[in-house]
Amino acid sequence: DALPTMLSGHDLGEYNRHSHAFWLPDPNKHGEIEHVLVHAPGGLSADATRVLTALTQIKRDEGEPLRVMLEGLGPALLFSDVTSFTNESIVWRSVTPYLHPWHLKKPQMRSHEALVEAILDQLRREWHARDTLSSEIVEIREIPSIQYGGRTLRPLHFHRFRRKRGLVQPDTTGRLLEVRFAHPVRGPLALGFGCHFGLGLFVPVLDE
């Protein structure tokens, strides 16, 4: 309860679920997490900024805590030379698996075509709920794997679950996608279940 609302996401209301911070891992070419991008669409208060500035280590289950340091604050455009996540593109490709946030109905799972249409509908529904009027999602394509750090990665290689009591998770498998918009969209872009904690993360395909 001591955390500022824009970092914790608590008490934002039913229709304001995505204005608080996304904690997005940014891997280097070897697949190692080198930066964590804290993306807050609703902005950061002075209290939230003080918390981030004061954060010097992150505890983990085993071993010594990880030491961290705040490197910069500002609009997404400011970090385009540091991370590709803040660039813009028409096409975006999965970095981590996308997990659909709402349950699918039986008719939506009777064929591959129906499933693709259902996933597309969920993506559009979430996109519209964020009051994002700059572009529309026009097409998705499922891809079997991605390459990172010299490894071929599929959804099963990722940790796809959140440990939270009472949490209902509609999708535990996940899928890797390419999402095409009608017009270029600036990142960061993370969608679906667990998107505030690194799932459903996309990178722009800049040659598009």
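Where is Thr96 found, between which strand and which helix? Thr96 sits in the loop that runs between strand E5 (88-94) and helix H3 (112-129); helices (H or I, at least four residues) and strands (E, at least two) are DSSP runs, numbered from the N terminus. Keep in mind that this is a predicted model, where local features need pLDDT of at least 70, side-chain atom pairs count only at pLDDT 80 or more, and totals for chains, interfaces and linings use all residues. Residues are numbered from 1 along each chain as its sequence is written, and side-chain values use heavy atoms, with hydrogens and water left out.

Thr96 has a relative accessibility of 10%, so it counts as buried (under 20% relative accessible area; exposed is over 50%, partly exposed in between, with a 1.4 Å probe and protein chains only). Now look at what its side chain does. A polar atom of the Thr96 side chain lies 2.6 Å from the backbone oxygen of Gly198, and the Thr96 side chain also reaches the backbone nitrogen of Leu201 at 3.0 Å. Setting aside neighbours within four places in sequence, Thr96 is in contact (heavy atoms within 4.5 Å) with Phe158, Leu176, Gly198, Leu199, Gly200 and Leu201.

Next, move over to Arg160, in the loop between strand E8 (151-153) and strand E9 (176-186). Arg160 is buried too, at a relative accessible area of 13%. A polar atom of its side chain lies 3.1 Å from the backbone oxygen of Pro155. Not counting residues up to four places away in sequence, Arg160 touches Pro97 and Leu199, among others. Arg160 and Pro97 are 63 residues apart in sequence, yet their C-alpha atoms are 7.7 Å apart in space.

How values were computed:
A polar contact is a pair of N or O atoms within 3.5 Å; within protein, one must be able to donate a hydrogen and the other to accept it, and residues adjacent in sequence count only if both atoms are side-chain atoms.
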